[in-house]
Amino acid sequence: MAKGKSTVDEPKRLTAKELKEFEKLLLERRKTLLDQARATLEDQDPEVRAPDEVDQASKEYDKSFEYRMRDREKFLLRKIEKALVRISDKEYDLCESCGNPIGKKRLSARPEATYCIICKEEQERKEKMFQKKRQLRATIDF
Ligand SMILES: [Zn+2]
């Protein structure tokens with residue numbers, strides 16, 4: 001009887017063709033990311049860069065900046081690789097939390113997404129609530 005309920009634009013599962021497109025997109029992203037990481041490493045190579053021309057202070061700054069970049073790159077790389085595994089497991093377009101389809105629209109905007117928009121919003125709402133509670137506690141402590 002629940003069939004009568006109209007579903008407003010509910011996300012559908014991706015077709016095999018669409019999955020292929022996302023796989024290609026993710027592989028391209030991974031390649032770009034790895035190329036960038038390699039370029040960063042080559043920049044860092046002391047044999048490539050003349051050490052005398054770089055003063056100590058800016059060298060230190062460069063280093064910490066590059067370390068941070070690489071953490072971010074690593075983080076993104078992990079997300080892309082997870083998405084690729086999810087494609088080969090045929091669960092790429094399913095929400096990790098509720099198991100419903102994530103939807104093409106959301107995946108187009110965020111190809112590495114693992115939550116549907118409803119679960120994502122729920123997660124963000126919980127995070128905000130947690131932050132508010134912490135802020136409140138900080139105020140009381142003062
Ligand atoms: Zn969900």
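Trainee: What share of the contacts in the protein with a separation of 6 or more is between residues 24 or more positions apart?
Mentor: This is a predicted model, in which local features need pLDDT of at least 70, side-chain atom pairs count only at pLDDT 80 or more, and totals for chains, interfaces and linings use all residues. Residues are numbered from 1 along each chain as its sequence is written. Two residues are in contact if their C-beta atoms, placed from the backbone, lie within 7 Å. Among contacts with a separation of 6 or more, the share from residues 24 or more positions apart is 61%.

Trainee: What pattern does the protein follow along the sequence?
Mentor: Helices (H or I, at least four residues) and strands (E, at least two) are DSSP runs, numbered from the N terminus. The protein has four helices and zero strands. Read along the sequence, the pattern is α-α-α-α.

Trainee: Which element has the highest mean pLDDT?
Mentor: pLDDT is the predictor's confidence in each residue, from 0 to 100. The protein has a mean of 82, with 75% of its residues at 70 or more. Among the elements, α2 has the lowest mean, 77, and the highest, 96, belongs to helix α3 (residues 104-109).

Trainee: Is Ala83 buried or exposed?
Mentor: Ala83 is found in helix α2, residues 56-88. A residue is buried if 20 or more other C-beta atoms, placed from the backbone, lie within 10 Å of its own, exposed if 12 or fewer, and partly exposed in between. Of the 142 residues of the protein, 9% count as buried. Because Ala83 has 22 other C-beta atoms within 10 Å, Ala83 is buried.

Trainee: How many residues are in the largest nonpolar core?
Mentor: A nonpolar core is a set of buried Ala, Val, Leu, Ile, Met, Phe, Trp, Tyr and Cys residues joined through C-beta atoms within 7 Å. The largest one includes Leu26, Ala83, Tyr92 and Ile102, and its number of residues is 10. Supplying at least two residues each to this core are α1 (16-44) and α2.

Trainee: Which residues does Ala83 touch, not counting those up to four places away in sequence?
Mentor: Ala83 and Thr114 are 31 residues apart in sequence, and their C-alpha atoms are 7.8 Å apart in space. With residues up to four places away left out, Ala83 touches Leu26, Tyr92, Pro111 and Glu112.

Trainee: Why does Lys90 count as exposed?
Mentor: Lys90 is found in the loop between α2 and α3. Its phi is positive, about 60°, although Lys90 is not a glycine. Lys90 counts as exposed because its C-beta neighbours inside 10 Å number 12.

Trainee: What separates the C-alpha atoms of Arg106 and Pro11?
Mentor: Arg106 is found in helix α3. Arg106 counts as partly exposed because it has 18 C-beta neighbours inside 10 Å. Arg106 and Pro11 are 95 residues apart along the chain, and their C-alpha atoms are separated by 9.1 Å.
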